[in-house]
Structures are given as C-alpha cells and as structure tokens.
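Please keep the sequence and the coordinates open while reading.

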Amino acid sequence: MNLLLSVLEQGLIYAVLALGVYITFRILDFPDMTVDSSFPLGAAVTALMIQAGIAPLLTLPVSMLAGALAGVLTGVIHVKLKVRDLLSGIIVMTGLYSVNLHVAGRANVQLFSFNTIFKNDMISALPAGIQPYAPVIILALITIIAKILMDAYLATRSGFLLRATGDNPTLVATLAKDAGMVKILGLSIANALVSLSGCIMCQYQRYFDISMGTGTLVLAVASVIVGTQLLRGLRFLRATTAVVLGSIIYKGCVALALDMGLSPFDLKLVTAALLLVIIVVGGHNRKKVKRHA
Amino acid sequence: MLELKNIVKIYQGGTVNETCLFNEFNLTIPDKQFVCVVGSNGSGKTSLLNIICGSIPIEDGAIIIGGKSITAMPEHKRLRRIGRVYQDPSRGTCPSMTILENMSMADNKGKPFNLMPCVNRKKADEYRAMLAQLGLGLEDKMGVMVGNLSGGQRQAMALLMSTMTPIEFLILDEHTAALDPKTAEIIMELTGKIVAQKQLTTIMVTHNLRYAVEYGDRLLMMHQGHLELDISGEKRKGLKVEHLLERFNAISIECGN
C-alpha cells in the first residue's frame, strides 16, 4: 500500500515535468536539455523562499516564472543567435548549474523544519485518517489543473500555432507568423512546467540537492514515450492524459524493479536501455518519415 | 504594383563555386495580373519567388510593392498579404492536425494568434462548403488528420487555405507538379477560379506549357537569370504550346543539353 502511494505521488510530480517535456519533445520536436537544470532551478528557488518563511503556495508561481525565463534564454540562443537546438539547451543547462548554487546558497539544503505545501497547519487539522493521503490529493489536484490548463491552451489560436510550428514551420511563415517566436514561447511554457515540477519535488522530499536534475530529460522523455506509445491504442485518451499516465506507469515500473532486487547502481543503465528499446520498437522515428510522405 | 529593381543574387558568394544568378534583374507586375513563368531547371524561377517572399536574401536591388520598399521586411511579415502554395503538398498543411483545425488556423491569418479558441464550430459549415466545391469528398472528413490525405487532397487544401483570408498576391511554385494529371487539372481549374474571383495578382511557376498558355494574361520564359520571353496583351492570345516548345528547345540547345 505504501509502495503504491509513493509511486502515485512521485508519478504525479514527474507528470508535471513530463507535460512540459511533451511540449518541447513531441510538439516542437526540440531536444531541450535545459530541463536538467530548470528542474533543480525550481527547487532552488523554492528552497530559498521556504527558508525565508514565504508562504509555500507562492513558491509555485515564482518557480514557474524562473523556469519560463530559462526557457526563453534557450529559445533566444537557438532562434536569434542561430545555435543548434541541442547545443543551446546544453549551454543554458551548464550555466544554470552555477545559478542554482547561487540561488540555493549551498549544494544541499534541508527543509525538514519548515512548512511546505504538504506540511502546514491546514493539513495537520485534517482528520488522522485522511492525513496520509493528503500529499497524493494535493499532487493530483496540481497535476490535473496543469493538464486541464494545457489542454485548454492547445485549443487556443496560440496553441494551434505552437502545434503547427513543430509540424510544419513553413506553414507558420505562410500564416504571417514568426516560427522562431513561437518556439521561444513553447520553450518558456515547457520549462515553466519543468520548474514547477522541481518546486513540488523539493517540497515533497523536503530538501534541495544540486544534482537532483541529472537525467531529468531522459526520465521525462521515457514518461512521454511510455504514455504516448503504450497507450496509443486507447484513442479516446488525450495525449496529455496519456503523458500523465505514462509518468505514473514509468515510476511504477522503476519501483517494482527496485523492489524485486534491482540495484540502484544499475537504475540509469536499465532506464537508458529500456528507453532505447521503447523508441526502436515503438517506432517513434516514424513521425519524421510520415511527414515527408 | 510589384516591382523588382536591379536585383542581384549571387549563390555561394566568396567561394570558387560562386554563381551569379541575377545581375541587375528588373521586373514589373501590375495589379491583378496573372503571370505564368516557365523555364528550365536552374533558370531562376523559384529564386524569383523566394526573393519576392523574402525566403532568401539578395545582394543588391529593391523589391517594391505599391511604391513602398519591402526589401528589408522579414519573410513572415511579407507573407501577411501574400498567399503561397509550394510544390511539395506537405508544406502547405499541418499533418498532425485535422482538416477542420487546419482550415480554422488558416482562417485566422492576419488576426492575432491569442488565447481565444481557434476552432469556431459555427464556421464549420462554411469550410465544408468550400471543400465541397473541390469535389474530392473532403467535406465529409472534417475530423480526419491531414497527414492521412493524399497529395492531391492536401494540395487542394493548401490552395484553399492560402487564399481564405484577404490577400493581394498569390505565389504558386509548381503547385501541380507533384500531382497526377487528373488532380492537377482540378487544382488548376480551382486556381483559375479563385484568382478570377478574388482578383489576385498572381505569379505561377510551372513546367506544364499547356497550363502556361491556357491560364494567365502574361507569360515569362526565364533562362539563366534573365527574361527570354515576356509576352502579354494581343500577342499572348494567339500563343500556342508549339511556339513555346520551339523556343524552349532553342535555348536548351544553346546550353548544350
């Protein structure tokens, strides 16, 4: 039961991350390495604010803003300075590492004695029977709101343009819009979500660690692919729902593997191998081929 | 009126492979004229269109619309009043969006792409009527992903989408070249109809000499970056495919192919 609960909780936290990466990886077709640093950026901002005694709820919008700025930076480097997509993400990722250290003040910050969105007077006032489920309820609420807002956004004119930019930049120009600006906008939204996920993670585990961002992109991409490939048959599911479910399924698989005796040492190796298998078998590359048909 | 003045376009400038395509190229197209452009590969037809749209930079010269220079204007701003259809049917539509979504998006050209919903269900019937005139059965497939349509269907949509909103110019870059003869015929008829209806200034590049003779009121034949032929008015009316072919062969022989 405890295992299930923690899988659900972590899956939901990473679902917000996966929603962000879905925008860059799937919609924009942009391998955005920024996320490896914008995830801990959200956590660093959160650690700073929580220590300063600022209301935990405020950390959510502020860390989103910080992430959005990181995304804009990557976008501007790519679009305006014409640096390759992967490289511009790596440049920002590397630079943000120092920024994160400055923001948090140290490589490790513990927040056990502070109030968070999961630990405050309001939650302590809940009946004892509900309290263990409070985190999962809060997380579900945040994730569902993020998902609904994203669905709504993708149906707007601006959202249509975002989808068109990844699909066919030529068409965006024919519609008299600058595809570069749309890319920058998409990167900022994506990294805002990634940072939000980092912010929640930081409050959930009640500490900030500078290395918590390592492998974020791979983890998110795995969730996106598990969701969109594995649940491909269920046509009634929206892509965003599939991504959320994918994140939970992925976390469940990892937890199960660890429970069955997989050494944490091998976790990344297994993840990488599994990702490769899913991409090849699932035929993620097909999208590109189809586009030129 | 669209004017190209003293256009200089050099490819691979500064290298041993430097080739000067246009040297002091001039062209004036009055409003509402339908210009057909023919010429062999590498004669500068597509470069001409790309220069007008701002898709490629030029070394010197000026592009003037209605007396105002647009030489420094970026591509997407120029395309506000230009509709463009490419040779490749996949460039004019979004494959992972439905027909309705594609049409809605095209309908929003020139308006802000803000947080308003993009699909207006009330307009679906209007789009359906537009699609019905194609006779390709697209009106019953509003919810189908455009990526699942055939090249001809996609090109027909691309043509409709690029001319939905008020524009002044229509740029057609061999837009029937990738289609089978029957579909090409449908697309050409539709093109003629739309141009006449909306009174658009049109530049159509084509390899089909018959279309070049049948459609439009001015014909340009390009060769190595200059105008080999420029026929309009009375002379244009008596023009036959054979005349064009003869001239075409003559310049090809000069080149050695």
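## Salt bridges

A salt bridge is a side-chain nitrogen of Lys or Arg within 4 Å of a carboxyl oxygen of Asp or Glu. By that criterion, the whole structure holds 12 salt bridges over all chains. The model is predicted: local features need pLDDT of at least 70, side-chain atom pairs count only at pLDDT 80 or more, and totals for chains, interfaces and linings use all residues. Residues are numbered from 1 along each chain as its sequence is written, chains are lettered from A and ligands numbered from 1 in the order in which they are written, and side-chain values use heavy atoms, with hydrogens and water left out.

In chain A, one network of salt bridges links Lys147(A), Asp151(A) and Arg238(A).

## Pairs within helices of chain B

Helices (H or I, at least four residues) and strands (E, at least two) are DSSP runs, numbered from the N terminus.

Asp125(B) and Arg128(B) form a salt bridge whose closest N and O atoms are 2.8 Å apart. Both residues lie in helix 4 (residues 124–132) of chain B, three residues apart, about one turn of the helix. Asp125(B) is exposed at 54% relative accessibility, whereas Arg128(B) is partly exposed at 33%. Glu214(B) forms a salt bridge with Arg210(B), again with closest N and O atoms 2.8 Å apart. Glu214(B) and Arg210(B) are four residues apart in helix 7 of chain B and are therefore separated by about one helical turn. Glu214(B) is partly exposed at 47%, and Arg210(B) is partly exposed at 33%. An α-helix has 3.6 residues a turn, so residues three or four places apart point the same way.

## A pair between strands of chain B

Asp230(B) forms a salt bridge with Arg218(B), with the closest N and O atoms 2.9 Å apart. This pair links distant parts of the chain: Asp230(B) is in strand 10 (residues 226–232) and Arg218(B) in strand 9 (residues 218–223), 12 residues apart. Asp230(B) is partly exposed, with a relative accessible area of 39%, whereas Arg218(B) is buried at 8%.

## Positive phi angles

Most residues other than glycine have a negative phi, and most peptide bonds are trans. Ala176(A) has a positive phi, near 65 degrees. It sits in the loop between helix 8 (169–174) and helix 9 (179–205) of chain A and is buried, with a relative accessible area of 6%.

In chain B, Asn6(B) has a positive phi near 50 degrees. Asn6(B) belongs to strand 1 (residues 2–11) of chain B and is partly exposed at 36%.

## A loop histidine in chain B

His207(B) lies in the loop between strand 8 (201–205) and helix 7 (209–214) of chain B. At 40% relative accessibility, His207(B) is partly exposed. Leaving out residues up to four places away in sequence, His207(B) touches Gly39(B), Asn41(B), Lys45(B) and Glu174(B); contact means heavy atoms within 4.5 Å.

## Chain A overall

Chain A has 13 helices and two strands. Its C-alpha trace spans about 60 × 40 × 35 Å along the principal axes. Of its 293 residues, 54% count as buried. Among contacts with a separation of 6 or more, 78% are between residues 24 or more positions apart.

Helix 10 (residues 216–230) of chain A has 15 residues, which at 1.5 Å a residue should span 21 Å; its end C-alpha atoms are 21 Å apart, in agreement. The expected span is 1.5 Å times one less than the number of residues.

## Chain B overall

Chain B contains nine helices and 10 strands. Its C-alpha trace spans about 55 × 40 × 35 Å along the principal axes. Of the 257 residues of chain B, 51% count as buried. Residues 24 or more positions apart make up 69% of the contacts in chain B with a separation of 6 or more.

Technical notes. Buried < 20%, exposed > 50% of the residue type's maximum accessible area, 1.4 Å probe, protein only.
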